[in-house]
Amino acid sequence: MTDPFKQLHDAMEEFSAERDWDQFHSPKNLAMALTVEAAELQECFQWLTEAQSQALDEKQLAAVRDEIADVQLYLVRLAGKLDVDIEAACRAKMEKNAEKYPIDQVKGRAKKYTNFMSDR
């Protein structure tokens, strides 16, 4: 795990250990908690128009920041439990996505790669 993620991982390890929560932090439970936090992030935008979602007031933005942090912290904790280097995993996934989504075929299009494959 690279430095910024390692620092977060270590802080989460300490936070969890101080509270004796490690017993609850199985990969399954962390993945489930992550989906709950992602849903709470979605809730911040529920019923907003596109324009409203791009012009959040300070209270709304503070709530979004908190939920983004919760999502990231659960990801860091899950990655730590499974010994996944988040930065390396992200870079590898970006390379895969670059292959799946060639610029000349997807630029300006919002289709999933399986949908534009038939357009070739």
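User: Why is Phe 15 called partly exposed?

Analyst: Phe 15 has a relative accessible area of 36%. Buried means under 20%, exposed over 50%, and partly exposed in between (1.4 Å probe, protein chains only), so at 36% Phe 15 counts as partly exposed. A word on the background: this is a predicted model, where local features need pLDDT of at least 70 and side-chain atom pairs count only at pLDDT 80 or more, while totals for chains, interfaces and linings use all residues. Residues are numbered from 1 along each chain as its sequence is written, and side-chain values use heavy atoms, leaving out hydrogens and water.

User: What makes Phe 15 and Trp 21 an edge-to-face pair?

Analyst: A search of the whole structure finds one aromatic pair. Phe 15 and Trp 21 form it, with 5.7 Å between the centres and 70 degrees between the planes. Rings of Phe, Tyr and Trp (its six-membered ring) pair if their centres lie within 6.5 Å; planes under 30 degrees apart are stacked, over 60 edge-to-face, and the rest tilted. The pair therefore passes on distance, and its angle makes it edge-to-face.

User: Why is the contact between Arg 77 and Asp 22 called a salt bridge?

Analyst: Their side chains meet at 2.9 Å, N to O. A salt bridge is a side-chain nitrogen of Lys or Arg within 4 Å of a carboxyl oxygen of Asp or Glu, so this pair qualifies. The two partners are 55 residues apart: Arg 77 is in helix 4, and Asp 22 in the loop between helix 1 and helix 2. Helices (H or I, at least four residues) and strands (E, at least two) are DSSP runs, numbered from the N terminus. Arg 77 is buried, at 2%, whereas Asp 22 is partly exposed, at 38%.

User: How do you know that the buried residues of helix 2 share a side?

Analyst: In helix 2, Leu 30, Ala 33, Leu 34 and Glu 37 are buried. They cover an arc of only 110 degrees around the axis, which puts them on the same side of helix 2. That arc is taken from the directions from the helix axis to the C-beta atoms. Lys 28, Thr 35, Gln 42 and Glu 43 are exposed on the other side.

User: What makes Tyr 74 a contact partner of those residues?

Analyst: Contact means heavy atoms within 4.5 Å. Tyr 74 touches Leu 30, Ala 33, Leu 34 and Glu 37, not counting residues up to four places away in sequence. Tyr 74 lies in helix 4, and the buried residues of helix 2 pack against helix 4.

User: What makes the phi of Asp 83 stand out?

Analyst: Most residues other than glycine have a negative phi. Asp 83 has a positive phi of about 55 degrees although it is not a glycine. It lies in the loop between helix 4 and helix 5 and, at 71% relative accessibility, counts as exposed.
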